[in-house]
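Subject: Structure for your review

Dear colleague,

Please find below the structure that I am handing over to you.

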Amino acid sequence: MIEHIEGLRLKALQELASVNNATELEAWRVRYLGRNSELTQVLRSLATLPLEERKNVGGRANDVKSDLEDSFKQREKEIALTLTKLASSTREAIDFTLPARPLPSGHLHPITQTIDEMCDIFASLGFHVVEGPEVEWDYYNFEALNIPEEHPARDTMSTYWIDTAPSDNERAMLLRTHTTSVTARVIDGMKPPIRAIEPGRVYRYEASDATHVPMFHQLDGIAVDRNITMADLKGTLYEFARRFFGKERKVRFRGDYFPFVEPGVEMAIECAVCRGQGCRLCGNSGWIEILGAGMTHPRVLEQGGIDPSIYTSFAFGIGLDRLPMLRYGIDDVRLFYSSDLRFLRQF
Ligand code: DAH
């Protein structure tokens, strides 16, 4: 019996040495000092022993019990101490005076930056920004702009048509091919004097290559007032080019045809790469066309409820993606839309 108690003591102390936290410690206490522990059983069975043995065994068992209880308290203290040490050392490891790690932050896409910059320039010339829908009625994209159903100008802008319900059949919908559709809405809905610009996405059903993508950006504009002339058109667009590209950059105007203006013009900027000498980017001409413009056709004004005998108007439409290409010498428009951060981070 005595040997058994001694063995119990050794085993308990050995196990206690490897106890490292409060949960383990509690489990140990239950196992060796709890109500169902072997030691408690021994103490309970003392009454059945003959007197002499009872004294002997009882004395030893009680010694072991108080030994284990002391060791338990000792271990409890040690564990509590290491825990506080650990806590204070992690507290010291957090240095609240260190500056925070910089958070990764993005920036605006170069096309968005271009839109913002253009809007700033035109706003300073008295224009305000108007937006229109990308899914547009055939009417505003073509009809209202003097491009009826059978007009050949439609062939230059094939687009994506939207399937509409049979009851809506007469009113076809499409993805707008130019932001001039918003100009048509402005003429329809506003009273002169008008100075509006309309930036946005446009769509063409085209294969993509270095200069074409099926979705790109334009910024159209319109001014309607008494006595608006071609001189106002040229003055406004020259000023825009000067502010966007700098004074030195040459600008060229030439006659052109658009069904919704008469007369119509196109404006080109001296090529960024060859400075007018002729190179691959500008097709050896030295110039790159950036916009169409003209005096708004009287029929377009009239159809939108503006009397062309009182008011005249100029309008323009700028191919917006070309501007950052020209400014930075970017030779592939697809780069803007490929989400390649190595490209985008440069702006
Ligand atoms: N919408 C034309 C295009 O996408 C460009 C244009 C030409 C817009 C003349 C105009 C304009 O407002 O007056 O090719």
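Predicted model: local features only at pLDDT ≥ 70, side-chain atom pairs only at ≥ 80, totals over all residues.

The ligand site

The ligand is surrounded by 15 residues, and the closest of them are His178, Thr180, Arg204, Gln218 and Asp220. By class, this shell consists of 7 nonpolar, 6 polar and 2 charged residues. Three strands, β6 (215-225), β9 (287-296) and β10 (312-319), each contribute at least two residues to the shell around the ligand.

Which residues place an N or O atom beside an oxygen atom of the ligand? In alanine 315, by contrast, it is a backbone N or O atom that lies 3.1 Å from a ligand oxygen. Taken alone, the ligand would expose 360 Å², and the protein buries 91% of that area.

Two pairs of helices

Helix α5 (residues 110-124) and helix α8 (residues 230-245) have axes that come within 10 Å and cross at roughly 130°. The two helices, α5 and α8, are therefore classed as oblique to each other, and their crossing is right-handed.

The second pair is formed by helix α1 (residues 2-17) and helix α3 (residues 38-45), which pack at an angle of about 155° with their axes 11 Å apart. Why are α1 and α3 described as roughly antiparallel? Angles over 145 degrees count as roughly antiparallel, and α1 and α3 therefore receive that description. The crossing of α1 past α3 is left-handed.

Details of the backbone

Two cis peptide bonds deserve a look. One runs from proline 192 to proline 193, with omega near 0°; proline 193 sits in the loop between α7 (180-189) and β5 (194-203). Another joins glutamate 262 to proline 263, with omega near -5°, and proline 263 belongs to strand β8 (residues 261-270).

Where is the residue asparagine 146 to be found? Asparagine 146 is placed in the loop between α6 (138-141) and β3 (161-162). Its phi is near 70°, a positive value in a residue that is not glycine.

With kind regards

Note on methods
Residues numbered from 1 in each chain as written. Heavy atoms only, no water. Near = heavy atom within 4 Å. Polar contact = N/O pair within 3.5 Å; in protein donor to acceptor, adjacent residues only side chain to side chain. Areas by Shrake-Rupley, 256 points an atom, 1.4 Å probe, with all protein chains shown as cover. Helix = DSSP H or I, 4+ residues; strand = E, 2+ residues; numbered from the N terminus. Nonpolar A, V, L, I, M, F, W, Y, C, P; charged D, E, K, R; others polar. Axes fitted to C-alpha atoms, helices over the stretch in contact; angles between N-to-C directions. Parallel < 35°, antiparallel > 145°, perpendicular 65-115°, else oblique. Left-handed = near helix turned anticlockwise from the far one by under 90°.
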